[in-house]
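Visitor: I would like to walk through this model slowly, one feature at a time. Could you start with a turn and then move on to the rest?

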Protein chains: 2
Amino acid sequence: MEQLTIYTSSKEYPVYIGKGIRKRWKKLVEEMAGSYSKYFLIADKTVADLYLKDIQASMPDIPYYLVESGEESKSIGQFYDCQTAVLEAGLDRDACILALGGGVIGDLAGFVAATFMRGIDYIQLPTTLLAHDSSVGGKTAINHPLGKNLIGAFHQPLAVIYDIETLRSLTGNEWRSGFSEVIKHALIWNPDFYGWLKQNIKDLGNITDEQLAYLIKEGIRVKAQVVGQDEKESGLRAILNFGHTLGHAIEAELGYGRITHGEAVAIGMVFALRVSEVYYGIDYNMDEITKWFQQFGLPVAIPETLDEARLVERMKKDKKSSGGKINMILLKEIGKAEKVQIDESVLSPLLMAEFERSRSDDTRDKGSNNG
Amino acid sequence: MEQLTIYTSSKEYPVYIGKGIRKRWKKLVEEMAGSYSKYFLIADKTVADLYLKDIQASMPDIPYYLVESGEESKSIGQFYDCQTAVLEAGLDRDACILALGGGVIGDLAGFVAATFMRGIDYIQLPTTLLAHDSSVGGKTAINHPLGKNLIGAFHQPLAVIYDIETLRSLTGNEWRSGFSEVIKHALIWNPDFYGWLKQNIKDLGNITDEQLAYLIKEGIRVKAQVVGQDEKESGLRAILNFGHTLGHAIEAELGYGRITHGEAVAIGMVFALRVSEVYYGIDYNMDEITKWFQQFGLPVAIPETLDEARLVERMKKDKKSSGGKINMILLKEIGKAEKVQIDESVLSPLLMAEFERSRSDDTRDKGSNNG
């Protein structure tokens with residue numbers, strides 16, 4: 001088992017990465033934090049089918065609430081139903097919530113823990129590669145019809161217990177979606193890690209346990225370093241949104257669940273790299289990058305059905321924007337990201353060019369042919 | 001205008017107390033915090049009828065959302081409707097929410113601000129005497145059918161702007177309810193202030209502006225000192241719940257809105273004082289205290305319709321309880337409060353005795369004859 005410590009301004013907490021460690025979560029937790037009055041599990045239904053029994057191996061009678069897979073579960077209704085379930089199970093302020101699943105469960109259960117009796121402890125048990133991103137940083141939230149993650153809180157977990165065994169049951173889509181965020185972390189912060197990824201990871205179906213543990217650890221390390229320096233996203237942390245301004249807009253326009261988060265971010269990163277090329281006058285060898293993305297089946301082109309003007313409107317409404325301008329994270333060089341305010345009049349033509357490019361080359365077919 | 005500074009572990013913020021200062025809220029805010037991208041007002045409907053125009057004196061086109069008076073508005077539905085209204089008004093992370101009203105509005109709007117885009121600034125404009133309590137300390141919450149304030153967050157306001165002019169439109173009930181918490185603050189922390197209150201305040205209808213500003217300031221100062229030493233209610237802050245364990249239980253059993261919060265707390269304080277007499281073997285001259293309470297029409301006896309066993313169950317479920325025992329705040333002496341864990345088997349007979357006492361003397365008639 002490997003261990004990383006995440007430092008934030010409000011607390012520090014461990015991330016455990018290993019094989020089979022989900023089964024001994026209670027021992028890990030109580031070694032570090034002592035005992036709790038009660039535990040309560042919030043889990044993804046699909047994940048629970050596979051791993052609920054393993055959680056019960058540590059505690060057979062743990063009360064739980066199961067949530068449908070998918071972004072739709074980050075709703076005000078599910079949030080309230082979780083609160084009711086937790087109350088009915090008799091939890092008090094000295095209780096602890098476990099979140100078993102991917103980013104949706106982490107965000108939902110984390111927000112429940114953040115607001116139950118004004119905040120109790122919770123533990124993340126991520127079961128997706130994508131969750132390497134969402135399980136670190138303490139961002140919890142639910143969605144609103146007007147946008148993603150609009151209602152939420154900052155609430156750091158007590159610990160993250162990352163069992164890489166649970167990743168073996170992921171679908172190809174889920175691997176891609178998670179790997180997209182791994183690439184993001186390398187691109188914005190760590191050129192060596194980016195080099196390692198490009199050299200070693202060519203097929204997501206063939207990753208070894210060692211490679212998997214390494215890339216999760218390195219991905220988390222980037223996230224943790226950025227978050228540790230800026231817990232509340234006032235400055236530096238914004239670079240984690242590389243690829244996300246357009247990514248979120250695409251997800252919202254297509255309707256949540258029509259494209260995975262990581263796929264939307266992949267398209268967003270390609271666009272952000274092209275904007276960076278114009279903005280800084282550099283050449284990122286986009287052909288090579290888009291080809292590498294496509295090797296994993298990651299899309300690189302904006303879906304043709306979308307409307308450029310509506311995407312721009314969405315980007316302006318993104319919660320990271322302020323005062324009407326559009327905030328984007330651009331790359332000065334590999335490993336060096338910064339936040340730039342771009343006016344709509346500058347961004348729109350670049351977005352139009354991206355649509356044109358998609359139509360004139362063959363990236364679209366390759367990009368959308370994943371699943 | 002008087003000014004107090006509240007120090008908490010996460011920030012410090014000013015409380016302004018004065019006549020007519022609601023009209024120049026924007027100037028006060030921007031002098032201390034610079035400008036915001038947008039403002040949004042969440043207000044009590046009844047209060048808005050009287051004072052919305054005064055808020056608009058600072059900013060004619062401020063967008064607003066009005067909430068029905070009463071505890072029922074601290075619901076998940078109102079919370080969500082506020083979020084929608086704030087989103088539709090186009091607020092972003094650099095916006096600021098104003099809360100105009102009593103404790104209900106402060107709690108609701110504060111929780112909206114705490115969770116809108118994971119937390120934006122908000123300003124309290126309290127319009128009740130009771131709000132001298134709730135507007136300091138950063139506790140925000142909504143209710144759940146299973147109990148009060150069960151879903152919430154700690155979120156400190158940017159500032160509190162306390163216009164004592166708005167208190168002149170309060171009903172007798174509202175004066176009593178607020179004054180009950182003023183007495184609480186004096187009892188748990190400041191014997192001199194308690195002495196001043198007993199000597200000077202005999203009729204809530206005759207309080208002068210100077211007396212009012214003074215008792216609000218002193219009440220807030222107690223709250224601020226306690227909160228400043230223990231922002232997250234892990235220890236000392238619990239003493240602020242003096243009178244609240246039984247008070248909350250009575251409110252919940254009667255149904256919210258059937259008794260004011262301060263009235264319930266008055267009954268709770270009388271009970272807590274009697275338990276303290278037994279626990280520490282002291283004499284608090286309860287006859288004198290209950291007579292003083294009754295001068296203002298504050299109730300001192302548990303409503304006869306309530307059931308002792310159900311009250312005990314409620315007290316065990318109170319969010320301040322843990323592990324099955326009942327936490328109560330008792331007074332070692334006037335000005336010195338502490339948290340004590342009391343077993344159900346000890347508390348039940350004392351609660352029964354309180355019922356017996358109510359039936360055998362005449363406090364009930366006087367106590368319940370307020371309105």
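Guide: Gladly, bearing in mind throughout that this is a predicted model. We begin with a hairpin in chain B, formed by β10(B) and β11(B), which has 2 residues between its strands.

Visitor: Which residue in the hairpin of β10(B) and β11(B) takes a positive phi?

Guide: The hairpin leaves 2 residues between the strands, and one residue there has a phi near 95°. The residue with that positive phi is B:Gly335.

Visitor: How many bridges join β10(B) to β11(B), and do the strands run parallel or antiparallel?

Guide: Strand β10 covers residues 326–333 of chain B, and 6 of its 8 residues are buried, so that strand is mostly covered. B:Glu333 stands opposite B:Lys336 in β11(B). The strands β10(B) and β11(B), the latter made of residues 336–342, are joined by 7 bridges and run antiparallel.

Visitor: In the open sheet of chain B, which strands stand at the edges?

Guide: The open sheet of chain B holds 7 strands with mixed pairing, in the order β1-β2-β9-β6-β5-β3-β4. An edge strand has a single partner strand, so one side of it is left without a neighbour in the sheet. The strands in that position in chain B are β1 (2–7) and β4 (64–67).

Visitor: Which residue of β6(B) is the bridge partner of B:Cys96?

Guide: Strand β5 (residues 96–101) of chain B pairs with strand β6 (residues 121–126) of chain B in the parallel sense, over 6 bridges. In β6(B), the bridge partner of B:Cys96 is B:Asp121.

Visitor: Is B:Glu2 buried, partly exposed or exposed, and which side chain does its own side chain meet in a polar contact?

Guide: B:Glu2 lies in strand β1 of chain B, and because its relative accessibility is 32%, it counts as partly exposed. Leaving aside neighbours within four places in sequence, B:Glu2 is in contact with B:Val15, B:Tyr16, B:Ile17, B:Ala213 and B:Lys217. The polar contact of its side chain, at 2.6 Å, is with the side chain of B:Lys217.

Visitor: Turning to chain A, which residue of β6(A) does A:Leu100 stand opposite?

Guide: In chain A, strand β5 (residues 96–101) and strand β6 (residues 121–126) run parallel and are joined by 6 bridges. Within this pair, the residue of β6(A) opposite A:Leu100 is A:Leu125.

Visitor: At about what angle does helix α2 of chain A run to β3(A)?

Guide: Helix α2 (residues 45–58) of chain A lies across β3 (39–44), β4, β5 and β6 of that chain. These strands belong to an open sheet of 7 strands in the order β1-β2-β9-β6-β5-β3-β4. Relative to β3(A), the direction of helix α2 is at about 145°.

Visitor: What distance separates the end C-alpha atoms of α3(A)?

Guide: The helix α3(A) has 13 residues, and at 1.5 Å a residue it should span 18 Å, which agrees with the model. Of its 13 residues, 10 are buried, so α3(A) is mostly covered. The distance between its end C-alpha atoms is 18 Å.

Visitor: Is A:Gln83 buried or exposed, and which residue of chain B does it touch?

Guide: A:Gln83 sits in helix α3 (residues 76–88) of chain A, and because its relative accessibility is 0%, it counts as buried. A polar atom of its side chain lies 3.5 Å from the backbone oxygen of A:Val112. Not counting residues up to four places away in sequence, A:Gln83 touches A:Val112, A:Thr115, A:Phe116 and, from chain B, B:Ile151.

Visitor: Which backbone oxygen does the side chain of A:Ser135 reach?

Guide: A:Ser135 is placed in the loop between α5 (131–134) and β7 (139–144) of chain A, and at 1% relative accessibility it counts as buried. Among its contacts beyond four places in sequence are A:Tyr13, A:Gln124 and A:Tyr162. The backbone oxygen reached by its side chain, at 2.6 Å, is that of A:Ala131.

Visitor: What rotation superposes chain B on chain A?

Guide: The superposition has an RMSD of 0.0 Å and involves 0.0 Å of shift along the rotation axis. The two copies are thus related as by a two-fold rotation axis, and 100% of the contact residues of chain B recur in chain A. The rotation is 180°.

Conventions. Residues are numbered from 1 along each chain as its sequence is written. Chains are lettered from A and ligands numbered from 1 in the order in which they are written. This is a predicted model: local features need pLDDT of at least 70, side-chain atom pairs count only at pLDDT 80 or more; totals for chains, interfaces and linings use all residues. Side-chain values use heavy atoms; hydrogens and water are left out. Two strands pair if DSSP finds at least two bridges between them. Helices (H or I, at least four residues) and strands (E, at least two) are DSSP runs, numbered from the N terminus. Contact means heavy atoms within 4.5 Å. Axes are lines fitted to C-alpha atoms, for helices over the stretch in contact, and angles run from 0 to 180 degrees between N-to-C directions. Copies are superposed by least squares on the C-alpha atoms of residues with pLDDT of at least 70 in both. Buried means under 20% relative accessible area, exposed over 50%, partly exposed in between (1.4 Å probe, protein chains only). A polar contact is a pair of N or O atoms within 3.5 Å; within protein, one must be able to donate a hydrogen and the other to accept it, and residues adjacent in sequence count only if both atoms are side-chain atoms. The expected span of a helix is 1.5 Å times one less than its number of residues.
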